[in-house]
Amino acid sequence: MTLQAIARRYANALYDVTTKNGSVAQARADLSSVAAVVEGHAELTSVFASPAVPLTKKRAILEQILATSSGLSADVYRLLMLLADRDRLTLVGDVARAFEARVMQAERVMAAEVVTAAPLADDRRAALVAALGRATGGTVTLTERVDPSIVGGVVARVGSIVYDGSVTHQLERLKQRLLSEA
């Protein structure tokens, strides 16, 4: 089993527990905050990854970090202690990302990567979000990237689906149609 699959299992378990408790939003914020602290310090990450550091020492370090966190939810605290006991603290960031993905899936929020030849104006961005939302049946959040090589139009990737409305793609299709007719 891959580390991402293991992280997804922990994230799904946390999601199930926090859904029953009605504390998904709190867990989301807490887990994201702890992951940012762990991933933001290279020394801490290397200590958690080192097999030379005893589990008790890693757990003590984590407990010290969590003691400074105010209002950490009990569910997230238990998850982090479980990760410490199983020497899986290197997965904190992966678990946080998997939990975020699970929450977004439950809320029917999908991330879309949009590539345009020039930056989008606010009204065009809103129209694109609305159109992608209708096409996917959910709410869409955009990540924008500018790539002048597509000449014009938009290339949008939502999950595994690609909507290619770029001028470059349309010219390529026209070229293929002309070559097949010749």
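V151, V167, L171, L174 and L178 make up a nonpolar surface patch with about 430 Å² of accessible area together. This is a predicted model, where local features need pLDDT of at least 70, side-chain atom pairs count only at pLDDT 80 or more, and totals for chains, interfaces and linings use all residues. Residues are numbered from 1 along each chain as its sequence is written, and side-chain values use heavy atoms, leaving out hydrogens and water.

**Exercise 1.** Work out where V151 sits and whether it is buried or exposed.

*Solution.* Start with the place: V151 is in the loop between β2 (139-146) and β3 (154-158); strands here are DSSP runs of E, at least two residues, and helices are runs of H or I, at least four, numbered from the N terminus. Next, the cover: V151 has a relative accessible area of 56%, so it is exposed (buried is under 20%, exposed over 50%, partly exposed in between, with a 1.4 Å probe and protein chains only). Last, the backbone: V151 has a positive phi of about 70°, though it is not a glycine. Most residues other than glycine have a negative phi.

**Exercise 2.** Describe how α2 and α3 pack.

*Solution.* First, take the geometry: helix α2 (residues 24-39) meets helix α3 (residues 42-49) at about 95°, with axes 6 Å apart. Then classify: α2 and α3 are therefore roughly perpendicular (65 to 115 degrees). Finally, pick out the contact (heavy atoms within 4.5 Å): V37, V38 and E39 of α2 touch L44, T45 and F48 of α3.

Technical notes. Patches are made of residues with over 30% relative accessible area and no salt bridge: like charges are joined within 9 Å, nonpolar side chains (Val, Leu, Ile, Met, Phe, Trp, Tyr) within 5 Å. Accessible areas come from the Shrake-Rupley method with a 1.4 Å probe; for residues, only the protein chains shown count as cover. A salt bridge is a side-chain nitrogen of Lys or Arg within 4 Å of a carboxyl oxygen of Asp or Glu. Axes are lines fitted to C-alpha atoms, for helices over the stretch in contact, and angles run from 0 to 180 degrees between N-to-C directions. Angles under 35 degrees count as roughly parallel, over 145 as roughly antiparallel, 65 to 115 as roughly perpendicular and the rest as oblique.
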